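Open the model in your viewer and keep the selection tool ready. The stops below go from a sheet and its covering helices to a helix pair and then to a single loop residue.

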Amino acid sequence: MQLSRNWLAQYVKLPDVSAKEMGLAITTATVEIEEVLDQAVDLSGIVVGRVVDVVKHPKADRLWICRVDIKTEELQVICGGINVTKGMLVALAKVGSKVKWHGKGEPITLEKAKIRGADSNGMIASSVELGLERLLPAAEEREIIDLTPYQVRVGDPLSKALGLDDTIFVIDNKSMTHRPDLWAQYGLAREVAAIYNTKLKPLKIGSVPAAKGETKKLTVEVRDTALCPRYAAVVLDNVTVGPSPWWLKRELNAMGINSINSVVDVTNYVMATLGQPMHAFDYTALADQKIIVEKNGAPASLTVLNGKGYTVPAETLMIKDGKKSVAIAGIMGALNSHVTQATKTIVLEAANFSAVSVRRSSMALGLRTDASARFEKRIDPALVSKALAYAVELLVKLDPRITVASQVVDVNHASGATTTVSVDKKFLDARLGKALDPKEVVAILKRLEFGARFKKNIYTIT
C-alpha cells in the first residue's frame, strides 16, 4: 500500500521534518514503511517548453528541427514526434537529465548530439521516455506529451507543473493485517496526527441528496444477513463515463492505483481514502432492476472484470440480479454488468461482507483484489453510508449534470453498537514493562479518536 504525503497534508498539519524522519516515526509507532519515494527525482531536469518553430529535417523523413522556449533560453531540438506542432507545450528533457530511450532499458543521461548533421540540445519527450505512460498514455507510438490542455507555465519543472512532486511512503501490508482502519489514507492520517500531536481535519461528508422528479426502480434483497450485514445502493442518471480529470488520476497514481475511467476511479478513490470498497453496475444490465445477495446454490461459471472466467464454488456469497450473477461479493464484479463508455445510468453500491466469507471465497478462487484484502480485515459497517455519500458527492463534482435517480436503499442489519473495554493500570504497565502516566495514555487514545477516561486505576476505552 502507498501513502501520499501531499494527501496527508490536506488533513494533518505536518511537522517540519524530512520524509525519512516521518517514515521512521510511522514505522516505530504504527506500521513498517518499506521505502520512501520522491516522485520528482526521476523528472529532474525535465521542464515545460513551448515549441516556437518546427521545420522538416532536410536529411530525415521522420524528424523535425524544433526551436523550444524554456523561458531562460531557446533550444534547438531534433524531434521524431508524430504530433509535434508550433505553439505546443511540451515536456523538454534538458541535457544532463535522464530518460528511457524510446521507453526501453535503463535510463540514460542525455548529452548534446548531432542527428543527421543537425544539433540537438535535449529531447522533446514522450510519456514512456519519462516513465509516465500510466498517467499520460499515448494514443500512438512516437507521440510526444502534449501539455497544452494543462495549466502549466513555460520553464517550470515538469514535476511542479503537474503536481508530481509528492513523497510516497510504501507500506508493508503484512504489518497491518489486524488493522482495517489503516487500509485507508484517512486512517493513516489519523495515526500521523496522533504521532505528532496535531489536529486531524474532519472529512466533511454529507448525505446522498434526495432524488428529484421521477425516480428509477431499484430493489435490494439480502437473503443472508450474517454474511452481508449491510448493503446500500443508489441509482445515478445522466452519467458520462470518460477519462478522469488530472487531479484524480494523479492522486490515484500516488496511492498506487491505475486510472480506468471517471466512475471506476471515483469508487477506487473512495476505497483508498476511507477503506470501504465500492462497485458500480450498469443499471440497464441489471435484470428487473433488482439486486439479490445470497449464496451460490451450485458451482457456476462467471467471467469477471479482469477478463478471466472462474468456476465459482457452491456456498459462495454472490450479488445477483433477477436472472444472473453480477458480482462475487467482496471480491470482483462480473463483466456482464460493468460500466462502459456507453453507460448513462449506474447503480452505485457500498456494502459490508463477512471477513471469513470473503477470505474463504478469495482463497478458493485464487483471486485476491484490493476489495477482498480490505473486507477480510473486518471493515466497520458504519463506513457504508459514508462511502456512498462521498462517492455521489465526487461524481457530481466531476459532472454536475449527474442526478440522483432513486432513493438510497440501505438494508442494514449491523448492530452499530459501540464496544467498551476496561483495562487495569497494573495490567497495562506490567505488559508494557513501564509505568505509564495515565494522562498520557488517555491523551494518546483520544488523539486516535477513542473515547477514553481513567478512574480508580481503571482505563475505560470506547
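Two strands count as paired if DSSP finds at least two bridges between them. This is a predicted model, and the tour begins with one such pairing.

**Stop 1: a strand pair.** Select strand E27, residues 458–461, together with E25; the two pair in the antiparallel sense over 4 bridges. Then pick Asp424 and look for its bridge partner in E27, which is Ile458.

**Stop 2: the whole sheet.** The 3 strands form an open sheet in the order E25-E27-E26, with antiparallel pairing. Which strands stand at the edges? They are E25 (421–424) and E26 (452–455); each has a single partner strand, so one side of each is left without a neighbour in the sheet. From one strand to the next, the twist averages 20°. As background, strands of a sheet pair through backbone hydrogen bonds, either parallel or antiparallel.

**Stop 3: helices across the sheet.** Select helix H10, residues 425–432. H10 lies across E25, E26 and E27, and runs at about 70° to E25. Next select helix H11, residues 438–447, which lies across E26 and E27. The angle between H11 and E26 is about 160°.

**Stop 4: a helix pair.** Clear the selection and take helix H5 (residues 246–254) with helix H6 (residues 262–274). Their axes come within 10 Å and cross at roughly 45°. That angle makes H5 oblique to H6, because only values under 35 degrees count as roughly parallel and the range for roughly perpendicular is 65 to 115. The crossing of H5 and H6 is left-handed. To see the contact, show side chains for Trp247, Leu248, Glu251 and Leu252 in H5, which meet Asp265, Val266, Asn268 and Tyr269 in H6. Sorted by class, this contact of H5 with H6 has 5 nonpolar, 1 polar and 2 charged residues.

**Stop 5: a loop residue.** Select Val12, in the loop between helix H1 (5–11) and helix H2 (19–29). Is Val12 buried or exposed? Val12 has a relative accessible area of 2% and is therefore buried, the cut-off being under 20%. Leaving aside residues up to four places away in sequence, Val12 touches Ala189, Val192, Ala193, Thr198, Lys199 and Leu200.

Note on methods
Residues are numbered from 1 along each chain as its sequence is written. This is a predicted model: local features need pLDDT of at least 70, side-chain atom pairs count only at pLDDT 80 or more; totals for chains, interfaces and linings use all residues. Side-chain values use heavy atoms; hydrogens and water are left out. Axes are lines fitted to C-alpha atoms, for helices over the stretch in contact, and angles run from 0 to 180 degrees between N-to-C directions. Angles under 35 degrees count as roughly parallel, over 145 as roughly antiparallel, 65 to 115 as roughly perpendicular and the rest as oblique. A crossing is left-handed if the near helix is turned anticlockwise from the far one by less than a right angle, and right-handed if clockwise. Contact means heavy atoms within 4.5 Å. Ala, Val, Leu, Ile, Met, Phe, Trp, Tyr, Cys and Pro count as nonpolar, Asp, Glu, Lys and Arg as charged, and the others, Gly among them, as polar. Buried means under 20% relative accessible area, exposed over 50%, partly exposed in between (1.4 Å probe, protein chains only).
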